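I'm opening my notebook on a new structure today. I'll jot down what I look up as I go.

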Amino acid sequence: TEELGPDFHVALRAETVSWIRQRPTDGVYQFVLARRADYSGGEVRLSSEHQAFRWTTHDEWELLEFPPLSGYRDGLRRLWAI
């Protein structure tokens, strides 16, 4: 709800990975938990923290750029491998 709006709904799946990332803006370390989910309806309404979103396939996500030291690439690779 916070990131994608109150009307966006997913059905969470059991597949989960976690990692520690360093936020590039201030160096603060954050614990990130990522779960697989199936879209079940609703419109995306991004919070002011985000500029855009896009759906990707299993193969397309690796073309995305991630902030340095974010750990997203390794974390998402592990999630897709489950």
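This is a predicted model: local features need pLDDT of at least 70, side-chain atom pairs count only at pLDDT 80 or more; totals for chains, interfaces and linings use all residues.

**Starting from Ser70**

I began with the contacts of Ser70: leaving out residues up to four places away in sequence, Ser70 touches Trp19 and Arg21.

Next I checked where Ser70 sits, and I found it in the loop between strand E2 and helix H1, which covers 72-81. Is Ser70 buried or exposed? Its relative accessibility is 2%, so Ser70 counts as buried, because the cut-off for buried is under 20%.

**On to the strands**

I then followed Arg21, which stands opposite Gln30 in E2. How many bridges join E1 to E2? I got eleven, with the two strands running antiparallel. E1 spans residues 9-22, and E2 spans residues 29-41. Together E1 and E2 make a hairpin, with six residues between them. In that turn I noted Gly27, whose phi is positive at about 80°.

**A look at the surface**

Which residues form a nonpolar patch on the surface with Val10? I wrote down Leu12, Tyr39, Phe53 and Trp55. Counting Val10 too, the patch has about 550 Å² of accessible area together.

How values were computed. Residues are numbered from 1 along each chain as its sequence is written. Side-chain values use heavy atoms; hydrogens and water are left out. Patches are made of residues with over 30% relative accessible area and no salt bridge: like charges are joined within 9 Å, nonpolar side chains (Val, Leu, Ile, Met, Phe, Trp, Tyr) within 5 Å. Accessible areas come from the Shrake-Rupley method with a 1.4 Å probe; for residues, only the protein chains shown count as cover. A salt bridge is a side-chain nitrogen of Lys or Arg within 4 Å of a carboxyl oxygen of Asp or Glu. Helices (H or I, at least four residues) and strands (E, at least two) are DSSP runs, numbered from the N terminus. Two strands pair if DSSP finds at least two bridges between them. Buried means under 20% relative accessible area, exposed over 50%, partly exposed in between (1.4 Å probe, protein chains only). Contact means heavy atoms within 4.5 Å.
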